[in-house]
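Open the model in your viewer and keep the selection tool at hand. We will go stop by stop.

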Amino acid sequence: MVKLKKILTLRTIIATSAGLTLSSSTFVAAVQVAGFLVGDAAWLAILTGGLLCMTAALCFSELNGMIPSAAGIRLYFNHAFNDRLALTVSLLYMAVIMGVIGAESYILAEILHEAFPLISPLAWILVMFTVVTGMNIVGIRIAGWFQDAITYGLMVTLISLAVIGLAKIDFQLSAPLATGGAVNLLNAVAVGVFLFVGFEWVTPLAEEVTHSRLISRGMLLAIGILSVVYAVFTVAMTATVPRESLVNSPIPQMLFAQTILGDTGTAIMVMLTLAASITTFNAGLIGISRFVYASAREHVLPSIFSKISLRFFTPWVAVLSIFVIGVLISLLTLFSHRYLVLVNMAAAMESVIYVLAGLAVIVLRKKMPDAQRPYRIRGGYIIPAASALIFSLLALAIFTTFPRVFLYLGLGMLLSYWYVTRVVPRLKQLQRQKRASGRRRRRPVAHAEKQGD
Amino acid sequence: MATHEEIRDSLRAFQEGYNKNKKLKIMNRDWNRVVLIEANDVESKHTLILKDGELTVCEGATDNPDIIVTADSETLADLFYGDITPTEPYMNGTLIIKGSEDDIVRLDFISLMIWGE
């Protein structure tokens with residue numbers, strides 16, 4: 001049997017799935033979760049959020065097993081619904097992820113500014129974007145072992161800091177189930193979903209593993225481990241630092257570390273957040289730049305974005321464009337301080353994606369009943385239907401609590417739909433006209449150039 | 001449906017395009033990879049070997065490739081003749097490529113440099 005030379009292990013799959021999720025902005029979301037609840041029930045909302053994300057992870061596992069491709073949601077939704085919807089959603093999703101990168105860079109800049117007050121956040125934003133863009137253009141990839149070390153190290157340190165914090169105040173869980181009402185809990189769970197945003201980004205690795213079961217196991221384990229880490233850390237943060245200070249800060253984890261370990265705590269947290277953010281940041285930029293490049297190759301975006309560096313073999317126009325847009329979003333966030341809008345938009349968008357993933361499982365089972373499914377969710381339609389329903393409710397909860405998020409995402413969806421239905425057909429037609437030469441008669445570019453064509 | 005011979009001819013056209021592009025050869029001199037090309041509707045397997053910047057095409061399969069490219073015969077022939085870009089069939093699921101993400105992207109870059117947009 002033919003076997004690929006390179007294969008990834010479960011350890012790296014878990015580290016990649018959890019590592020893409022762990023970032024600076026997740027701590028902001030964690031205290032937002034706690035902010036909705038009156039007692040120490042943040043753990044309950046986080047674990048519930050994790051459990052719900054597991055239903056989505058099961059849907060992704062079935063889809064990924066059936067269609068193992070780096071194209072991910074684009075391909076799942078294309079098969080299940082149609083290319084127009086798949087493209088509209090993918091374009092909007094990428095735009096929202098750009099927003100997350102903006103929020104992430106803003107928060108990281110605030111953290112670094114706190115540690116080194118002489119350097120302004122603006123300078124940090126420019127330095128970080130320049131470094132990561134440089135890495136992307138030169139083609140430097142963060143090695144698997146480095147991703148493993150950072151992710152596992154980060155999770156162990158977060159748990160250790162939480163235990164130290166809880167021990168210092170001799171913590172007693174006094175109101176573990178006090179949520180302040182079902183609506184509060186629903187909102188907390190909805191924002192809690194953001195804590196796991198990106199776990200499914202591991203699915204493009206489906207083409208690098210021996211069996212797609214590894215991806216599903218990795219995703220589920222990553223969500224499980226993260227649920228526990230976030231739950232313990234959030235309870236520790238809210239137990240040791242006044243909730244109002246945490247909720248009103250873009251850097252709650254720094255306040256917590258400073259409170260329990262003083263300057264040493266600050267130094268540890270700066271290092272941790274920097275490591276976590278760089279991996280998320282880098283992965284985000286790679287993901288988006290490749291999406292932009294692939295879209296240009298597919299003639300969905302202007303062909304200029306498919307230009308590649310002859311020296312480094314990287315899509316430099318796509319990378320530089322993302323640098324410019326990313327910096328603009330970061331600057332807007334820096335001046336408006338509206339990072340929470342971006343966090344909530346990402347939570348809502350992610351919920352929409354999970355709804356579609358649940359529906360895609362159901363539709364594909366009807367549309368392609370005989371297709372090979374190395375992994376099939378047990379219990380018939382119960383889990384995919386429940387996942388679609390639950391995430392619809394969560395998206396609705398975010399939209400009603402933050403109407404601005406609904407407005408922005410709605411406008412984004414309309415714009416994306418307009419682009420897909422009006423601009424993309426023109427781009428494709430232009431390309432068809434350019435490519436009018438007959439099949440099997442084309443000559444290589446180098447040859448044609450030599451001939452003066 | 002394309003025949004095994006048509007796929008072989010398309011791979012030769014691809015190889016010819018590659019060999020005429022000196023820049024491409026220089027850029028790939030450190031990228032040594034074995035690529036298995038297989039059709040899923042006719043009996044047709046080929047192996048592309050990239051070594052020290054040189055590309056060779058062999059008939060038949062290999063046991064441990066770095067990348068496996070699978071599609072129907074027509075798509076494979078179109079692809080290696082440069083009549084379509086790999087991204088289009090990849091995005092609609094007609095073309096399946098197994099291998100590391102970086103290698104898959106590199107393969108697409110090579111196709112872009114040989115056949116243009």
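Select Arg297(A) and Asp108(B). This is a predicted model, and here the two residues form a salt bridge. Look for the closest N and O atoms, which are 3.0 Å apart. How many salt bridges are there between chain A and chain B? The count is one.

Stay at this interface. Three residue pairs are in polar contact across it, with both residues of each pair at pLDDT 80 or more.

**The side of chain A that touches chain B**

Now select four helices of chain A: α4 (73-80), α11 (252-297), α15 (403-434) and α16 (445-450). Each supplies at least two residues of the side that touches chain B. Colour the residues of that side by class.

Next, show both sides together. Chain A brings 45 residues to the contact, and chain B brings 53 residues. Interface size is often given as the accessible area lost when the parts come together. Between chain A and chain B, the buried area is about 4,300 Å². Carbon and sulfur atoms give 54% of that area.

**Two packed helices in chain A**

Select helix α2 of chain A, residues 24-36, along with α11(A). Two packed helices are described by the angle between their axes and the distance between the axes. For α2(A) and α11(A), the angle is about 135 degrees and the axes are 9 Å apart. Why is α2(A) called oblique to α11(A)? An angle of about 135 degrees makes the pair oblique.

Show the side chains where they meet. From α2(A), pick Ser24(A), Phe27(A), Val28(A) and Val31(A). From α11(A), pick Pro252(A), Gln253(A), Thr273(A) and Ser277(A). By class, this contact has four nonpolar, four polar and no charged residues.

**Last stop: Phe323(A)**

Move to helix α12 of chain A, residues 316-336, and select Phe323(A) there. What does Phe323(A) touch, leaving aside residues up to four places away in sequence? The answer is Phe129(A), Thr130(A) and Thr133(A). Phe323(A) and Met98(A) are 225 residues apart in sequence. In space they are 10 Å apart, C-alpha to C-alpha.

How values were computed: Residues numbered from 1 in each chain as written. Chains lettered and ligands numbered in written order. Predicted model: local features only at pLDDT ≥ 70, side-chain atom pairs only at ≥ 80, totals over all residues. Heavy atoms only, no water. Contact = heavy atoms within 4.5 Å. Buried area = accessible area lost by both parts, 1.4 Å probe. Salt bridge = Lys/Arg side-chain N within 4 Å of Asp/Glu carboxyl O. Polar contact = N/O pair within 3.5 Å; in protein donor to acceptor, adjacent residues only side chain to side chain. Axes fitted to C-alpha atoms, helices over the stretch in contact; angles between N-to-C directions. Parallel < 35°, antiparallel > 145°, perpendicular 65-115°, else oblique. Nonpolar A, V, L, I, M, F, W, Y, C, P; charged D, E, K, R; others polar.
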